[in-house]
Amino acid sequence: MKTFECKDAPIRVFGLMNFYKNGSLMRLPEEVMELLPQLRQFGSRSTGGRICFRTNTKKLYVKLSSKTFIKDYAATQIASSGLNIFAGDRRDGKFIGNVFPLGYARTDNFHSDGTFELSGEMTDITMFMPKNEIIDNVYISIDDDAEIEAPTPYENEKPVVFYGSSITEGGCASRTGNTYNAFLSRWLNMDYINFGFSGSAKGEPELAEFIATVPMSVFVYDYDYNAPDVEHLARTHEPFFKIIREKNPDLPIIMMSRPNYACYPEES
């Protein structure tokens, strides 16, 4: 079989800004994590990243190499540490399986792998990267007589940027392809960046300054679950919005709020 790294052309990695600059699979740049050390654990991960290509192989072998193994007791290992793989047109692509670590005993760098059967017809492959892990590399092997091509382009030239809580990040989704932003990406053939930070997205102006520089087609603003109280939300929500708006005067901005009004009627 022929083996490629996820960083090899014509394979494309989407959703990770650092990758376009320096090949890193982390979603926040080092300078932002230095300003906001509470985001280092989350910013070092590849949450929202996707590995995309087209191939006509009949057997697809995928190996995931990670620098961490985070024990997430609120989610299965598939949901927290797995690589979630789809084949076919993104709007109606079929889930073909996961690559994820086995067992909770691992404390060092780990590898996990899997082999998947395909039709042999040229088709798109989309891999949603793990939520919790710091990824070293992903290796892709195809049949010797098969080809690998650049993926079908996403319909939006600039990604949709999501900023929010653990829900945005993908907490409690059954797998990474089932987060709400991943669903939208598949349904709309939409590129996106996931800046969801579990318990740690609190409307920091430093992060707003960074996000305001990201080329994007839409900004989805969704962090109120992380606000410790209504007063914090009142102090931070509008200033964060104004920072984004000042640098992006024509950008469509969608403000979302937590959906459980009945649980907090006095705060809504």
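A: K63 stands opposite Y139 in β9, and this pairing belongs to a set of 6 bridges through which strand β4 (residues 59-66) and β9 run antiparallel; two strands are said to pair here if DSSP finds at least two bridges between them. The model is a predicted one, in which local features need pLDDT of at least 70 and side-chain atom pairs count only at pLDDT 80 or more, while totals for chains, interfaces and linings use all residues. Residues are numbered from 1 along each chain as its sequence is written, and side-chain values use heavy atoms, with hydrogens and water left out.

β9 also pairs with strand β1 (residues 2-5), again antiparallel, by 4 bridges, and within this pairing the partner of K2 is I142. Strand β9 itself covers residues 135-142, of which 6 of 8 are buried (under 20% relative accessible area, with exposed meaning over 50% and partly exposed in between, for a 1.4 Å probe and protein chains only). Strands and helices are DSSP runs numbered from the N terminus, a strand being E over at least two residues and a helix H or I over at least four.

Because its relative accessible area is 68%, A9 counts as exposed; A9 and A150 are 141 residues apart in sequence, yet their C-alpha atoms lie 7.6 Å apart in space.

β2 in turn is joined to β3 by 3 antiparallel bridges, with V13 facing I51 as its bridge partner. Since 5 of the 6 residues of strand β3 (residues 50-55) are buried, β3 is largely enclosed by the rest of the structure. It is also paired in the antiparallel sense with strand β8 (residues 123-128) over 6 bridges, where C52 is opposite T126, and with strand β10 (residues 148-149) over 2 bridges, where R54 is opposite E149. In a regular strand the side chains alternate between the two faces of the sheet.

Another sheet of this model is open and parallel, with 4 strands in the order β12-β11-β13-β14. Its edges are β12 and β14 (253-255), each of which pairs on one side only. On average, neighbouring strands of this sheet are turned by 15 degrees against each other, direction ignored (axes are lines fitted to C-alpha atoms, for helices over the stretch in contact, and angles run from 0 to 180 degrees between N-to-C directions). β11 and β12 run parallel and share 5 bridges, and G164 is found opposite G196 in β12. Helix α6 (residues 180-188) packs on the sheet and touches β11, β12 and β13, its direction making about 175 degrees with that of β12. Helix α8 packs on the sheet as well, touching β11, β13 and β14, at about 170 degrees to the direction of β13.

α8 spans residues 230-247 and contains H232, which counts as buried because its relative accessibility is 13%. Apart from neighbours within four places in sequence, H232 is in contact (heavy atoms within 4.5 Å) with K202 and A227.

The whole structure holds 16 aromatic pairs (ring centres of Phe, Tyr and the six-membered ring of Trp within 6.5 Å, with planes under 30 degrees apart called stacked, over 60 edge-to-face and the rest tilted). Such pairs link Y163, F219, Y221, Y223 and F240 into a cluster. Two charges also lie over rings (NZ of Lys or CZ of Arg within 6 Å of the ring centre and within 35 degrees of the ring normal): R90 is over the face of Y154 at 3.9 Å from the ring centre, and the charged end of R175 is over the ring of F95, 3.8 Å from its centre.
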